[in-house]
Every structure is written in C-alpha cells, then in structure tokens.
Amino acid sequence: RIRTSPMRMWHPIMWHDRSEIFERTLLLVSLLVGATLLFMLYQRDTNWARCGGAAPDTRIRACTAIIHSGFEFAASLSRAYSNRGAAYRRKGDRDHALDDYDEAVRLSPTNARALHNRGVIYGEQELYELALEDFDKAIMIEPGYANAWNARCWTKVIMGRARDAVN
C-alpha cells in the first residue's frame, strides 16, 4: 500500500492549462458582448423604423425607447421627441405633443420640423403670434420647407392679415 499526502493527490493545473482556460473565457465573454451589441443595434434600428412612421401607439413606444436608451445625441433625440409629438398629436393629445415639441426644440433649436409642428399646435390653440414665430424660425432654418410657408400663410389669413399672408 502506497501512502500519499493530500498535496500529492491534488494535481495543480499547469500554467499552459491556465492560459488556455483564460483564452477560452475571454473568447466566450467577447462573443457574449458582441452578440449583445448586435442585438442592441438591431433593436435601435427597429425602434427608429417604428419611431419614424408607424401607428401612433407603436410610434410612441418606439420613440420612448429611443429617448430612454441613453445612446443618442441631441439632434437624434430631438428627432425622436418630434416624431413622438407627432404621434401624440395624431391621437389628439395636444399637451403631450406640445411638451415633446418643446423638448425637441430645446435639444436642437434648428429642428425646422419640430418648430413647424409646435407652431401647428399653437395655431390649434389659437396662439397665433407664437405659431407665426415658430413658422418664421422654421422658414429661416429651411427656406424650402413648404409646409411651414403654407402654415404661416394660413395663420396670417386666420388673423385677418390676408394681404400680409402673400408677402
């Protein structure tokens, strides 16, 4: 009978075995991180597609996901708020729409579409001077923006300034 001490029964992992385990672990972690990033990019693209043009409830959910993602810069966030505002307006929720347009303009004062859309809300609320200010700003930013010109013209007509509307 051979006597062995507990130390001899334990076979230590050789150094090359440790490095192999480390390499495999690193590879696995890298694959998991890569897969997670790919999934996040897929989700981001899907959310942007839905935020840009879907049924209002779907649009609101997608734009909200983008807003809360923490991955967007101010100009992109402004677009998401503006798109969500359009969805709220389409549902008849002017208060939420106006809040989103305000945030879109705050994040990107050169967002002509957000300015135009906020002006439309002001017009619906009969705040015509505020509406004209937003339409004028939108036109200054994007001179070819026909919707802003049209809204500005009709707002002036409603205000009784029809002669001024064509200038």
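**Left-handed crossing of helices H3 and H4 in a predicted model.** The axes of H3 (residues 56–69) and H4 (residues 74–90) come within 9 Å and cross at roughly 155°. H3 is therefore roughly antiparallel to H4, a word used for angles over 145 degrees, whereas angles under 35 count as roughly parallel, 65 to 115 as roughly perpendicular and the rest as oblique. On the H3 side, the contact is made by Pro56, Arg59, Ile60, Cys63, Thr64, Ile66 and Ile67. On the H4 side, Leu77, Ala80, Tyr81, Asn83, Arg84, Ala86, Ala87, Tyr88 and Arg90 take part. Contact requires heavy atoms within 4.5 Å. The residues of this contact divide into eleven nonpolar, two polar and three charged. Here Ala, Val, Leu, Ile, Met, Phe, Trp, Tyr, Cys and Pro count as nonpolar, Asp, Glu, Lys and Arg as charged, and the others, Gly among them, as polar. A crossing is left-handed if the near helix is turned anticlockwise from the far one by less than a right angle, and right-handed if clockwise. Axes are lines fitted to C-alpha atoms, for helices over the stretch in contact, and angles run from 0 to 180 degrees between N-to-C directions.

**The protein as a whole, with nine helices and zero strands.** Along the sequence, the pattern reads α-α-α-α-α-α-α-α-α. Helices (H or I, at least four residues) and strands (E, at least two) are DSSP runs, numbered from the N terminus. Of the 167 residues, 33% count as buried, that is, under 20% relative accessible area, with exposed meaning over 50% and partly exposed in between (1.4 Å probe, protein chains only). Among contacts with a separation of 6 or more, 43% join residues 24 or more positions apart. Residues are numbered from 1 along each chain as its sequence is written, and side-chain values use heavy atoms, with hydrogens and water left out. Because the model is predicted, local features need pLDDT of at least 70 and side-chain atom pairs count only at pLDDT 80 or more, while totals for chains, interfaces and linings use all residues.

**The largest nonpolar core, with 19 residues.** Such a core is a set of buried Ala, Val, Leu, Ile, Met, Phe, Trp, Tyr and Cys residues joined through side-chain atoms within 4.5 Å. Cys51, Ala80 and Ala138 have the most contacts inside this core. At least two of its residues come from each of H2 (15–52), H3, H4, H5 (94–107), H6 (112–124) and H7 (128–141). H3 supplies the largest share, four residues. Beyond residues up to four places away in sequence, Ala80 touches Trp48, Cys51, Cys63, Ile66 and Ile67. A second, separate core holds twelve residues, including Leu98, Ala131, Phe135 and Ala151.

**Left-handed packing of H6 against H7.** The axes of H6 and H7 lie 8 Å apart, and the two helices pack at an angle of about 160°. This angle makes H6 roughly antiparallel to H7. H6 contributes Ala112, Leu115, His116, Arg118, Gly119, Val120, Tyr122 and Gly123 to the contact. From H7 come Tyr128, Leu130, Ala131, Asp134, Phe135, Lys137, Ala138 and Ile141. By class, the residues of the contact are ten nonpolar, three polar and three charged.

His116 counts as buried because its relative accessibility is 9%. Leaving aside residues up to four places away in sequence, His116 touches Phe135, Ala138, Tyr145, Asn147, Ala148 and Ala151. Lys137, at 41% relative accessibility, counts as partly exposed. The C-alpha atoms of Lys137 and Pro109 are separated by 9.2 Å, although the two residues stand 28 residues apart along the chain.

**Glu126 in the loop between H6 and H7.** Glu126 has a phi near 60°, a positive value in a residue other than glycine. Most residues other than glycine have a negative phi. With a relative accessible area of 57%, Glu126 is exposed.

**Lys156 in helix H8 (residues 146–158).** Lys156 has a relative accessibility of 6% and therefore counts as buried. Not counting residues up to four places away in sequence, Lys156 touches Leu132, Arg161, Ala162, Asp164 and Ala165. Tyr128 lies 28 residues from Lys156 along the chain, and their C-alpha atoms are separated by 8.1 Å.
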